[in-house]
Amino acid sequence: MLTTSLDHSTARAAVALANLAPSVHNSQPWRWRIGDASIHLFADATRALPATDPDARDLRISCGAALHHLRVALLAAGLGSRVHRLPDPGHPEHLAAVEPVPAQPTPDDLALARAVETRRSDRRAFSTWPVPPEFLAQLVAAAAGQDGDLRILPGVHRSLVARLVERAAVEQALTPGLAQEVARWTGTARGAREGVPAANVPPQADGTVPVRRFAAAEQAPTVLGRDETDGTVVALLATSGDSRVDQLRAGEALSAVLLTATRLGLATDPISQPLEVPAARAQLKAAVLAEAGEPQILVRLGWAPISADPVPRTGRRPLADTVDRMDRPWSPDRPWSADRPG
Ligand SMILES: Cc1cc2nc3c(=O)[nH]c(=O)nc-3n(C[C@H](O)[C@H](O)[C@H](O)COP(=O)(O)O)c2cc1C
């Protein structure tokens with residue numbers, strides 16, 4: 001497979017779409033470097049959430065989602081991706097190097113790229129309409145295509161998830177620095193370039209899984225009819241291991257699930273809170289995976305009621321704040337840290 005040269009404006013357009021990826025608290029904890037024949041993804045530790053996400057699992061999942069968004073965007077532009085994950089053992093913030101290769105997108109690939117612009121996190125209750133089993137099968141296949149194991153949870157496990165969200169919230173409320181982090185990153189004004197706007201968070205509603213507590217909640221909740229129940233599907237995304245690469249892959253699988261669901265017309269909402277607290281994560285691992293696999297993130301899926309207002313788009317940093325030009329050549333056999341003194 002030949003690497004192809006990379007037109008700079010195509011690369012920038014693909015990165016702009018990648019920046020629309022979901023991230024924990026909309027922290028966008030990534031940076032990019034664009035070279036003549038490769039695009040590089042870096043974790044940005046200055047945007048980490050040490051109280052909420054002490055293991056940086058959410059950070060790596062967020063970066064993995066951005067990486068998958070980049071691959072989807074490049075493919076729509078006729079470029080496949082040869083991806084080197086964690087390519088430099090001496091430089092662990094260097095999460096991925098992507099070398100473009102010639103490729104022909106299918107109509108499905110183009111539809112997935114269109115979903116990048118329309119996907120939103122919807123925290124409101126969903127309608128009673130069931131999600132068809134063939135749609136769920138497509139989501140499971142989308143995750144499997146990225147080495148992810150998406151488990152659709154039965155009712156008993158959904159109740160467990162609801163309890164674990166509450167438990168994690170109580171434990172996190174006692175964590176030093178958590179309240180400041182929530183205040184720094186959430187309850188932001190409409191149009192802010194980062195963080196979760198109050199307009200994207202409903203007050204505690206009648207959904208199947210409690211909404212995470214953010215600094216402010218001003219979104220109109222969807223109103224379900226008197227005898228209606230929330231038709232939410234709750235799914236757990238797991239991986240076989242729990243290395244940094246596994247967590248990056250989990251983010252890629254999360255992105256594949258969210259974009260596929262969006263293309264099918266479904267509303268989606270990632271939920272990480274119980275995975276951020278070791279005791280709650282251990283309980284999920286034992287109950288849902290019978291210890292075989294590593295839980296990474298939950299996803300709530302369903303149909304938004306037709307009367308529901310559209311979910312406002314959350315802001316993103318300007319492209320220029322996220323991209324640097326690459327200052328030296330890169331090849332898989334010669335990572336940058338090899339050039340560093342000492
Ligand atoms: C790793 C990760 C963890 C997340 N955890 C939660 C969560 O626990 N609760 C929640 O309501 N949203 C969660 N989200 C959704 C983000 O808040 C959302 O992606 C971000 O605010 C950007 O908004 P958007 O998805 O509408 O573009 C998470 C997203 C990611 C990628």
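Trainee: How many bridges join strand β1 to strand β2, and do the two run parallel or antiparallel?

Mentor: Strands of a sheet pair through backbone hydrogen bonds, either parallel or antiparallel. Here five bridges join β1 (residues 30-34) to β2 (residues 39-43), and the two strands run antiparallel. Two strands count as paired if DSSP finds at least two bridges between them. Strands (E, at least two residues) and helices (H or I, at least four) are DSSP runs, numbered from the N terminus. Within this pair, W30 stands opposite A43 in β2.

This is a predicted model, in which local features need pLDDT of at least 70 and side-chain atom pairs count only at pLDDT 80 or more, while totals for chains, interfaces and linings use all residues. Residues are numbered from 1 along each chain as its sequence is written.

Trainee: What is the strand order of the open sheet, and which are the edge strands?

Mentor: The open sheet has five strands in the order β3-β4-β2-β1-β11, with mixed pairing. Its edge strands, β3 (79-85) and β11 (323-325), each pair on one side only. From one strand to the next, the twist averages 25°.

Trainee: Which strands does α2 lie across?

Mentor: Helix α2 lies across β1, β2, β3 and β4 (94-102), and runs at about 165° to β2. Axes are lines fitted to C-alpha atoms, for helices over the stretch in contact, and angles run from 0 to 180 degrees between N-to-C directions. Two residues are in contact if their C-beta atoms, placed from the backbone, lie within 7 Å.

Trainee: How is the chain divided into domains?

Mentor: The division gives domain 1 (8-117 + 318-339) and domain 2 (120-302), with bounds from an automatic or database domain assignment. Their C-alpha centres lie 23 Å apart. The contact takes 31 residues from domain 1 and 35 residues from domain 2. On the side of domain 1 that touches domain 2, α2 gives the most, with 12 residues.

Trainee: Which residues are closest to the ligand, and which element gives the most to the shell?

Mentor: A residue is near a molecule if its C-beta atom, placed from the backbone, lies within 6 Å of it. The ligand is surrounded by 21 residues, the closest being P22, N26, S121, S272 and T314. Helix α2 gives the most to this shell, with four residues. Both α2 (57-76) and β9 (267-271) supply at least two residues each. The shell also draws at least three residues from each of domain 1 and domain 2.
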